[in-house]
Amino acid sequence: MGAIDALFAEHGSPLLERLPPVFFTRPLWVLEAWQWLGLAALLAGAWVLGQLGEALALRLGARAAGLTKSGWDDELLAAGRGTMRHVLGAMIAATGARLLMLPPPAQGALDLGARSIIIVASALFLLRFFTRAARFLETRVAQSPEGTDVARVRGLRTQLSILRRVVEVAVVLVAASLLLLQFEAVRNVGVSLLASAGLAGLVIGLAAQKSISTLLAGIQLSITQPIRIGDTVIVENEWGWVEEITLTYVVVKVWDLRRLVIPITQFLEKPFQNWSKVSPDILGTAELYVDFRTDVPAVRAELKRILDEESKGLWDGKAQGLQVTDLSERTMKLRALVSASDAGKAFDLRCLVREKLVAYLQAPTPAMQEYRQIHEDTINGAMPGAQVAIEYEIENLS
């Protein structure tokens, strides 16, 4: 009625008549000042009602979730906190704008903004829910009896990590498409492109061949799982742990804290070593070159004593042994075999065993100590030249 002067002059409006004349004299865009005032009041009311509606919905949802043992409803409520208010506010604003009888351009712009807010808030809700759902599922598996299976936990973490990224990309693409399709110009461009979809698809397929193959390789790796997050690998002659797996590359944390970034296709096309594919348990060796007169059974007993008493929890108690693996003209090679629960502990255990066995071999034998005790008086009472000869003989015996 405000747009028709005759009807407005005849019937008027008790509410509008109380406003100063300035609200009716100079329109801004297609709205007069009183319409802008009503629109501002509507948006403020929609924001407040959205806040209250979200708080009420979350409280009712929390009570309902408390009646169930499943944790999925809790994750759903947590993901909706902060996004539900925007959806409710946009819906209230779009509905309440009809009561203001706005001109079609203003009503269309308001509807466009409301739809955009709903699309963005819904996409944000889905992204947050999938992220929380992946963490929740990983926590559930880790706390279950199957959580002791390290390989299963690593495999699940890898699958969730890659699939979550795929879903996130899909959600973002769909949300962006829905936002753009609201504009008439974009829809016209889309219709024009569909007319030449065959040629465009061929050109895009050839141009994005490498990118598409990399994306498919990431999905294939998440299914076949030749590597998982946390696996110990040797790739490009570097030893480290798989720290991150994306759709296009893998980050390997090297033992000296460097990061090795490797294209994901390399793990499907080239050989590499995975030390924890089945289990993180691993065997390690420490090799020593000793004299032929070395008492091998005594060294074997010393190895057992080191593992039992001085391994500092590095040895897992599953395997240990000492063997003569090679001979040369002057030495023989001893190989000490030990086992550990993972590659890091195995490396530390090998260094410890090597150090302790070298110290044991350097220590004087009981026969040598007895020889020194017998000849001690002789050395002290002999002539200087004889002392030198006797000491030289002892050194050769050592």
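**Group meeting talk: a walk through the predicted model**

Over residues 162-183 the chain is 86% helix and 0% strand. The end C-alpha atoms of that stretch are 33 Å apart. Helix and strand here are DSSP runs, numbered from the N terminus: helices are H or I with at least four residues, strands are E with at least two.

A word on the source. This is a predicted model, where local features need pLDDT of at least 70, side-chain atom pairs count only at pLDDT 80 or more, and totals for chains, interfaces and linings use all residues. Residues are numbered from 1 along each chain as its sequence is written, and side-chain values use heavy atoms, with hydrogens and water left out.

Back to that stretch. The unreviewed UniProt entry annotates residues 112-130, 162-183 and 189-208 as "transmembrane region". UniProt positions are in the numbering used here, feature names are shortened, and such annotations may be inferred rather than shown by experiment. Take residues 112-130: the model has 100% helix and 0% strand there. The end C-alpha atoms lie 27 Å apart.

Now helix H4, residues 72-80. Its buried residues are Glu 75, Leu 77, Ala 78, Ala 79 and Gly 80. Buried means under 20% relative accessible area, exposed over 50%, and partly exposed in between, with a 1.4 Å probe and protein chains only. Gly 82 follows H4, and its phi is positive, near 100°.

Next, the hairpins. Strand E1 (residues 232-235) runs antiparallel to strand E2 (residues 238-245), joined by four bridges. Two strands pair if DSSP finds at least two bridges between them. Ile 234 sits opposite Trp 239 in E2. Two residues separate E1 and E2 in this hairpin, and Glu 236 in the turn has a positive phi of about 55°. E2 also pairs with strand E3 (residues 249-254), antiparallel, over five bridges. There, Gly 240 faces Val 254 in E3. E2 and E3 make a hairpin too, with three residues between them.

On to an open sheet. Three strands line up as E6-E8-E7, with antiparallel pairing. Strand E6 (282-290) and E7 are the edge strands, each pairing on one side only. From one strand to the next, the twist averages 25°. Axes are lines fitted to C-alpha atoms, for helices over the stretch in contact, and angles run from 0 to 180 degrees between N-to-C directions.

E6 and strand E8 (residues 332-340) pair antiparallel over nine bridges. Ile 282 stands opposite Ala 340 in E8. Helix H13 packs on the sheet and touches E6 and E8, its direction making about 25° with that of E6. Helix H12 lies across E7 and E8, at about 145° to E7.

Which residues does Val 353 touch, not counting residues up to four places away in sequence? They are Ala 286, Leu 303, Leu 307, Ala 336 and Val 338. Contact means heavy atoms within 4.5 Å. Val 353 is in helix H13, residues 343-362. Its relative accessible area is 1%, so Val 353 is buried. The C-alpha atoms of Val 353 and Leu 307 are separated by 7.9 Å, with the two residues 46 apart along the chain.

Last stop, Ser 311. Ser 311 lies in the loop between helix H12 (296-309) and strand E7 (320-327). Why does Ser 311 count as buried? Because its relative accessibility is 7%. Neighbours within four places in sequence aside, Ser 311 is in contact with Ile 306, Leu 349 and Leu 352.
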